[in-house]
Amino acid sequence: MSQPGVENRICALYGVEYPLLMGAITPKPELGAIVSNAGGLGCIEGISTPETLRRQIRRMRELTDRPFSVNFPLAFGKPELVQARVAVAIEERVPAVITSAGSPKLLTGMLHDHGITVAHVVASVAHARKAADAGVDALIAEPTESGGYRGANEISMMVLIPAIHRAVPDLPLAAAGSVADRAGMVAVMALGADGVQLGTRLVATREARDAFPEGAQKLILAADDTSTMSADTPTRPRVSRPELVEAVLGPRGKPMQMGQVAALIDDIPDVAAVFEELFGGGQAHARALADVFARLAAGSRTRA
Ligand SMILES: Cc1cc2nc3c(=O)[nH]c(=O)nc-3n(C[C@H](O)[C@H](O)[C@H](O)COP(=O)(O)O)c2cc1C
């Protein structure tokens, strides 16, 4: 899809075909392998015991020979446990690590010493600067709409992406969240992102069914624009509201982490169909952009 002379920085960094990073939505490797095989960067959520993580990485390698990442949410688990998981990732020579919910200084140098590409999830310009100072290879920006961890930050995608792009222009930047369709993809690229990290849209795919509790996809399908809120925990992920959980799953239903973008999701497509929607042919993107500019021009004519 790339044009001669135009290099996508996310694709170049990871050696992938499309600038789509899978969010850390499941420790099971099967979905990640499907994303990697489709041309994105699949992900293993690194929250299992070190032994299980080793098995998950090895299974990923059986399922795909393409690049993938392991995500370490640094706030989860005692520091010794996180270090033990990281040691496994190093021993297994994973190509890429994504760190989140903690300091980028903790692991970046050590991972680089072992040739591992490091991206860090940030939720503000100050976080982005710290991550750049720590030497990360890429930034993943998590705005308030997203299903991820933002701490106290509630910065919108419209502000966060351009602000980080201006503050740290030299690092590849992925927009985490809010994207479920082509318009969203075009929008985050227009704001200055080099690509996207998808969470909720990938949870709601046919191949993801076995990776999540039974009600997860039902909650996403039933969600509207008021159905999520920031959880009242220090990392403050976005989760489904209790009213939605009760209405869809009954009084014993469990809330789930999900982004506001759930409001735009009303189907359970194959992963391949998600890639087709987001990247399906430069022509479709060109038409989407031409349409934006045509509507802008029509506005100018009205004023003139
Ligand atoms: C079910 C679920 C679990 C997640 N777990 C993690 C995690 O362990 N670590 C992390 O950095 N992000 C996690 N995230 C955030 C995703 O990696 C991603 O950044 C986010 O979902 C993007 O927003 P979106 O859901 O609007 O696409 C999770 C998201 C979801 C939906």
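A: Helices (H or I, at least four residues) and strands (E, at least two) are DSSP runs, numbered from the N terminus. This model is predicted: local features need pLDDT of at least 70, side-chain atom pairs count only at pLDDT 80 or more, and totals for chains, interfaces and linings use all residues. Residues are numbered from 1 along each chain as its sequence is written.

Q: Which element gives the largest share of the shell around the ligand?
A: A residue is near a molecule or strand if its C-beta atom, placed from the backbone, lies within 6 Å of it. Here α9 gives the largest share, three residues.

Q: Which residues come nearest to the ligand?
A: The ligand has 26 residues around it, and Gly23, Gly147, Gly177, Gly199 and Gly259 come nearest. Two or more shell residues come from each of β3 (68-73), β8 (195-198) and α9 (200-203).

Q: What is the order of the strands in the open sheet?
A: Two strands pair if DSSP finds at least two bridges between them. The eight strands here run β1-β8-β7-β6-β5-β4-β3-β2, paired in parallel. β1 (20-22) and β2 (42-45) are at the edges with a single partner strand each, so one side of each lacks a neighbour in the sheet.

Q: How many bridges join β7 to β8?
A: Three bridges join β7 (173-176) to β8, and the two run parallel. Ala175 stands opposite Val196 in β8.

Q: Which strands does helix α7 touch?
A: Contact means C-beta atoms, placed from the backbone, within 7 Å. Helix α7 (157-167) packs on the sheet and touches β6 (138-141) and β7. Axes are lines fitted to C-alpha atoms, for helices over the stretch in contact, and angles run from 0 to 180 degrees between N-to-C directions. The direction of α7 makes about 170° with that of β7.

Definitions and conventions: Contact = placed C-beta atoms within 7 Å.
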